Amino acid sequence: MILNELEYARANARIAMLKSRCDLMRRRVADPYKAAAAEIEIDRLEIRIAELTNQVRAYYRVVDRSAVVQNMSASFTQALIDIPTRLIERRIRVGWSQYDLAKACGQTRQVISGYERSRYASVSLKRLIAIDFVLRTEEIRRFGARGKEKLGMDAILGSDGIACPFRAADQDFEGKDER
């Protein structure tokens, strides 16, 4: 198995050398008795070439994937960094004050104000998801009837019209009660 760039370069050089050796053996064999031995040696060399080629390809796939993972990791990290800004923008877009958001989430205005001041640094993931859910639900309720039907928001919105992320937990995927 190839573990680094040096081994990768050596394997490619070895493949080139083995291929040229096979070509040279094919050209030199004129005696029929030596031809059989030469063919066995050529087969052995071709098997080694195939093994090295597979190792080179495997290494290339790993290196190529790691570049993709690094790009994904960078975009994921940026998305995490953007969460506070997006939550604040979404709250403003739906026309809610911090008090409105706090009421919908079952918190106080001071808690929401503290979250926004610290850019949600001290908030738990569970609370962050709940706040995002409440804001998304309100956004769909106000601006997109199609989205409401698509996500089954009638099952999630209470009779008071306020979203509760914990009401959705009682629903299955079709939005029907499992009870």
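1. A word on terms before we start: a polar contact is a pair of N or O atoms within 3.5 Å; within protein, one of them must be able to donate a hydrogen and the other to accept it. Please keep in mind that this is a predicted model.

2. With that in hand, have a look at Arg 91. The side chains of Arg 91 and Glu 116 are joined by a polar contact of 2.7 Å. Arg 91 belongs to helix α2, which covers residues 32-93. Is Arg 91 buried or exposed? Its relative accessibility is 10%, so Arg 91 counts as buried, the cut-off for buried being under 20%.

3. The surroundings of Arg 91 are worth a click too. Setting aside neighbours within four places in sequence, Arg 91 is in contact with Trp 96, Ser 97, Gln 98, Leu 101, Glu 116 and Leu 135.

4. Next comes helix α3, residues 98-105, where Gln 98, Leu 101, Ala 102, Ala 104 and Cys 105 are buried. These residues lie on the same side of α3 because they cover an arc of only 165 degrees around the axis. Tyr 99 and Lys 103 are exposed, on the face turned away from the buried side of α3. Just after α3, Gly 106 has a positive phi of about 75 degrees.

5. Finally, the largest pocket holds about 220 Å³ of space. Its lining includes Phe 76, Ile 83, Arg 90, Leu 128 and Asp 132. Helices α2 and α5 (125-143) are the elements that give two or more residues to this lining, and α2 gives the most, with 7 residues. By class, the lining has 8 nonpolar and 4 charged residues, with no polar ones.

Terms used:
Residues are numbered from 1 along each chain as its sequence is written. This is a predicted model: local features need pLDDT of at least 70, side-chain atom pairs count only at pLDDT 80 or more; totals for chains, interfaces and linings use all residues. Side-chain values use heavy atoms; hydrogens and water are left out. Buried means under 20% relative accessible area, exposed over 50%, partly exposed in between (1.4 Å probe, protein chains only). Helices (H or I, at least four residues) and strands (E, at least two) are DSSP runs, numbered from the N terminus. The arc is that of the directions from the helix axis to the C-beta atoms. Contact means heavy atoms within 4.5 Å. On a 1 Å grid over the protein atoms alone, a cavity is a set of points where a 1.4 Å probe fits but cannot get out, and a pocket is an open set with protein on both sides within 12 Å along at least five of seven lines; lining residues have an atom within 4 Å of a point. Grid points are joined across faces, edges and corners, and a volume is the space filled by probe spheres set on the points. Ala, Val, Leu, Ile, Met, Phe, Trp, Tyr, Cys and Pro count as nonpolar, Asp, Glu, Lys and Arg as charged, and the others, Gly among them, as polar.
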